[in-house]
Amino acid sequence: MKKIIPILIVVFPLFIFSQSKKITLSEAIEIAHKKSPDYKTNLNRNQSNYWRFRNYKARFLPELTLEATLPEYRNSVRRITNDAGQDVFVNQNQLLIEGGLSISQSVPYTGGTLSINTNLERVELFGLNDNIGYSIIPFSVNYFQNSILYNPFKWDKRIEPLIYEESKRDFVENMEQISVNTSRRYFGLLKAQMQLEIAKINLSNQDTLYQIAKGRFKMGKIAENELLQMELALLNSKNNVTTNTVEFKRTSQNLARYLELGTEDLELDVPKDLPLFEVEIDKAINEAQANRKAVIEFRRKRLEAEKELAFQKGNNRLKLGIRANFGISQNGDDFNNLFNNFNKQQNISVSVGIPIFDWGVSKSKRKMAEANLDLTNNNINQDKQEFEQEIYLHVLNWSNQRDFLFTSEKAKEVATKRYDISKKRYILGKITITDLNIALQERDKAILQYLNSLEKFWRDYYILRQLTLYDFINDKKIEVDDILYD
């Protein structure tokens, strides 16, 4: 008993580890939606778009900023201009400490920026006449607008929400694309798994038939040519087993790594048939227009082209800007007296720029923006037609996939039954080896065609979901739970 226990301790974990992991198509897709590399990429892209939208929203909120110099010491010779307009060199030995607080707010209705500032400075001079000076600005109201004729905030308020909505729909579409990618890998392994099983069965059958052929050859019932043909078929079956084993390993790794599974020894089930449901073309197109990112993308591209045209019109013909300031200030040697008898400070400036002769640069930029807008509209109209045509053709194709699958499954059953009968008849000596090989080839071809039809059936189902973002089985829109980011 003492000898058996250590053996069990070593063998039992190996036995558990060697057990194949059973997995269905729906389970594989569920895992891929949480662990696959495509999901992680999709999540990172969605995070980037989320924080871009947060950045856009934050630009319209007040911004409080503190700036300070603590301290700045300077001991150097500098060139300054005196009251007589002469440049002289003076030695500066001073210590500067200053701090300022400002709050700014974007004004979306005008396109400018409004800010309120306060500032305090202390300058200490060293040398023969030590001196300390103070300067204070209790408040200063400033307004700046680069261009009166072009308001970027107005366009951002129309475009940025579309970009964010487009990104959310893109996330859902990519999740459905993950389903398509997973089904492709799943059926790649499933076909390799079934073809390997068929190759092993064929090898066993060919070995049995070859042994029978050798007995017949010794009895003089068949010619040597037929025996050699049986031997060649046996060798080809061995090669097929080797080839399919390699393909099985490759597809196992492909699926296991995509799903980040701990084992490559997978056992797949043939997916069950989908419930019967009809897909109306009009409903599919309407759901796609309501759910897909493409519709938002069309609007966004048109607005971006219109924004560029508005920018060129607002800045190339006439540049008109404004800057205004109003506040109070005081300075002196005594800090306690800084808050008495404030000095007013106010200014306003309007800048104007008019291109008189620029060799047609302004006009060419405006014409380029107009041409780009026309091109964008034409491309959008063409993309809309292709968008609807893709859905139309896929719905028509999907309507026939179940019939194709049923026909190929029936053909597989007929070809398999024919081969079984042909094998029995060959053993009885009623048909030639050529007839048996033809039956074998037709059976293998029918099985492969059935597997391809099964794969196409499920892949087209998930593509239909991706094209419409609609679950026709449960009759509801496909949605993904909101993801919260810290």
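Colleague: In the hairpin of β2 and β3, which residue takes a positive phi?

Modeller: That's Gly85, with a phi near 85°, and the hairpin has five residues between its strands. Keep in mind that this is a predicted model: local features need pLDDT of at least 70, side-chain atom pairs count only at pLDDT 80 or more, and totals for chains, interfaces and linings use all residues. Residues are numbered from 1 along each chain as its sequence is written, and side-chain values use heavy atoms, with hydrogens and water left out.

Colleague: Thanks! How many bridges join β2 to β3?

Modeller: There are 17, and the two strands run antiparallel. Strands here are DSSP runs of E with at least two residues, helices are runs of H or I with at least four, and both are numbered from the N terminus. Two strands pair if DSSP finds at least two bridges between them.

Colleague: What is the strand order in the open sheet?

Modeller: The order is β2-β3-β4-β5-β7-β8, six strands with antiparallel pairing. β2 (63-81) and β8 (343-353) each have a single partner strand, so one side of each is left without a neighbour in the sheet. From one strand to the next the twist averages 20°, using lines fitted to C-alpha atoms (for helices over the stretch in contact) and angles from 0 to 180 degrees between N-to-C directions.

Colleague: And how many bridges are there between β5 and β7?

Modeller: β5 (residues 131-145) and β7 (residues 319-332) pair over 10 bridges, in the antiparallel sense. Gln145 has Ile322 in β7 as its bridge partner.

Colleague: Switching topic: which residues form the nonpolar patch on the surface?

Modeller: Ile348, Val350, Val352, Ile354, Ile356, Phe357, Trp359 and Val361, with about 1000 Å² of accessible area together. Areas come from the Shrake-Rupley method with a 1.4 Å probe, and for residues only the protein chains shown count as cover. Patch members have over 30% relative accessible area and no salt bridge; like charges are joined within 9 Å, nonpolar side chains (Val, Leu, Ile, Met, Phe, Trp, Tyr) within 5 Å. β8 supplies the largest share, three residues.

Colleague: Is Ile354 buried or exposed?

Modeller: Ile354 is exposed, at 57% relative accessible area, and lies in the loop between β8 and α8 (361-427). Buried means under 20%, exposed over 50%, and partly exposed in between (1.4 Å probe, protein chains only).

Colleague: What about aromatics: how many pairs does a search of the whole structure find?

Modeller: It finds 19 aromatic pairs. In one of them, the rings of Trp458 and Tyr461 have centres 6.1 Å apart and planes at 85°, so the pair is edge-to-face. Tyr461 also makes an edge-to-face pair with Tyr462, at 5.0 Å centre to centre and 65° between the planes. Rings of Phe, Tyr and Trp (its six-membered ring) pair if their centres lie within 6.5 Å; planes under 30 degrees apart are stacked, over 60 edge-to-face, and the rest tilted.

Colleague: Which residues form the aromatic cluster?

Modeller: Phe277, Trp398, Phe457, Trp458, Tyr461 and Tyr462. Both Trp458 and Tyr461 are buried, and Tyr462 is buried too.

Colleague: Last one: how far apart are the closest N and O atoms of Arg300 and Glu304?

Modeller: They are 3.3 Å apart, in a salt bridge, meaning a Lys or Arg side-chain nitrogen within 4 Å of an Asp or Glu carboxyl oxygen. Arg300 counts as buried at 15% relative accessibility, whereas Glu304 is partly exposed at 32%.
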